[in-house]
Amino acid sequence: MPPDSNADHRDQVLVMRGRQAVESYLTTFPTLPQASDEIAWLDAAAWLKESADADDATWAIAKKWDVPALAKLDFDPHPDAIAQVPGDVARRLRALPLTMRNHFIAVALEDAGDHEAIEELNFLCAPRVVAIAASARVIRDGIAEHYDRIEDVAIAGQLGLDPQSGRDDVADHDVERLSREQPVVRLVAELIATAVQRRASDIHVRSGALGADILYRIDGELLPVRRLMSALQPAVVSRIKVLANMNLAEHRRPQDGRATFPLGDGRQVDMRVSVLPAAHGESVVVRLLDASENLWTLDQIGLSANDRMRLDDVMARSYGMFLTTGPTGSGKSTTLYAMLMELRKKRINILTIEDPIEYNIDNVEQMQVNRAVDFTFASAMRNFLRHDPNVIMVGEIRDRETAGIAVESALTGHLMLSTLHTNSAATTVTRLLDLGIESYLLRSSLLAVMAQRLVRLTCTYCSEPETVDAHVRETMGVGSAEVFHAGRGCSRCEGLGMRGRRAVYELLVVTPAIRRLIVDDAEAELIQITAVEEGMIPITQAAIALAREGRISLAEARRVRAD
């Protein structure tokens, strides 16, 4: 629109109703069409009443970038417009072509101000792209109906399936055959390859009454990428089962499996697959273990120079116990793998017992828990000592027996590394005491504890000043004049406003002062206070420091705070 187009509508947005309104807009573009029943200027309150899909974020984007908005998709986009943008591009950019007129093509975008996405669309489309703001739900439903469904109907036709049939209409013996058919093989391969390309850590196949939603977990967020029709769901799930060497005929019990998938660039990605029976078919989660993306070195974890030196001192010890703690998904195993990669440079024997083995590391003897033959953390550690290890890594201390053997190993000339579920470094001491470890043994064996979280880094391409409520500033102890930054969301960061992750942590080293506090009735709060006095930076303060540097938003720091 021209710069002065909103002169009389400063608090309003031009709203489109139906295809005719969009075509009228393109016919007069760049001047504005006359207001009518199909085209109207609406303020924020009136906009929200337009449709259940109308939201505050879409109105704000339309207002900011001075573009029209589409409250709902109550018409079919023109096939010629759909043909201008390939399905994979539409999904990645969250863009839905609507119609064409006078050498222009109207494209609904979740972020109508994403200039890079618009430039890419202009490169692909013969007509010039005109952006229209629409909500994430409108875009997602439109892509599902006008890309996913069309592609699925074509695949169903190639497989000889009725697109209107349901998942229960496909016999088991047909499912096995279909899972090996080229269209299904290609579809699953594209889903996996695209997930790796987009830095996804997991692929979810979420079953529903009308089909299955396929989602990628990227930087901790689940993003819907495709909707699969019911007729194809059994074949796709079975194809994943084939890759993971699972029982295709079993639909009533959970199954777990592993696979290695070759990528087009010569790399391979390891996959850990879990299948669960659900109300509408089977639910699948594929964990993608891409060593190039997820296997970090100590330099990549984000340690300060002082903490890196203290951690090096721990790794130089010939015996004792080092623990990483935090909730599930906080990067505990990633830190231990980084330490193993550093330790393997020495001429020493390293043994690990894991459940499961996530990454294979050269020059490290790794073993997998197998409960079917009673090969558990505890039983493995009892036998480890006969293999002359220098360093032992145990995937997790879960019970009293494992904790006891870990402490015993740490006291008998072995460097012991493991993980534990606690919220802070100080509470690790009380947790081990609760598991039955004698305080005098813990004083002699524990070297250090790193409590950590993973924070999502603000996207540098769409970072802008963050709006922070006074209550949040008070809660986090930051000044009213301090400026923080958050990502708006763009094509570089999948619309999340965040790209990449790093660890935020607190490192508690057991000094003489801390050791004196490890007694039978130890108080975590007193240990925490003493550790801070000796230089430990608590997780919350470490997160706030990253927010002040502009690396993460204050909202992200608040999300991972540990107090």
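This is a short chat about the predicted model shown above.

Me: What should I know about the model and its numbering before starting?
Reply: The model is predicted, so local features need pLDDT of at least 70 and side-chain atom pairs count only at pLDDT 80 or more, while totals for chains, interfaces and linings use all residues. Residues are numbered from 1 along each chain as its sequence is written, and side-chain values use heavy atoms, with hydrogens and water left out.

Me: How many helices and strands are in the chain?
Reply: The chain has 23 helices and 21 strands, which are DSSP runs numbered from the N terminus (helices H or I, at least four residues; strands E, at least two).

Me: And how much of the chain is buried?
Reply: Of the 563 residues, 53% are buried, where buried means under 20% relative accessible area, exposed over 50% and partly exposed in between (1.4 Å probe, protein chains only).

Me: In what order do the six strands of the open sheet run?
Reply: The order is β2-β1-β3-β6-β5-β4, with mixed pairing; two strands pair if DSSP finds at least two bridges between them.

Me: Which strands stand at the edges, then?
Reply: Those are β2 (39-42) and β4 (95-101), and each has a single partner strand, so one side of each is left without a neighbour in the sheet.

Me: In what sense do β5 and β6 pair?
Reply: Strand β5 (residues 104-109) and strand β6 (residues 128-134) pair in the parallel sense over six bridges, and A108 has I132 in β6 as its bridge partner.

Me: New topic: where is E523, and is E523 buried or exposed?
Reply: E523 lies in the loop between α20 (512-517) and α21 (524-533), and E523 counts as exposed because its relative accessibility is 53%.
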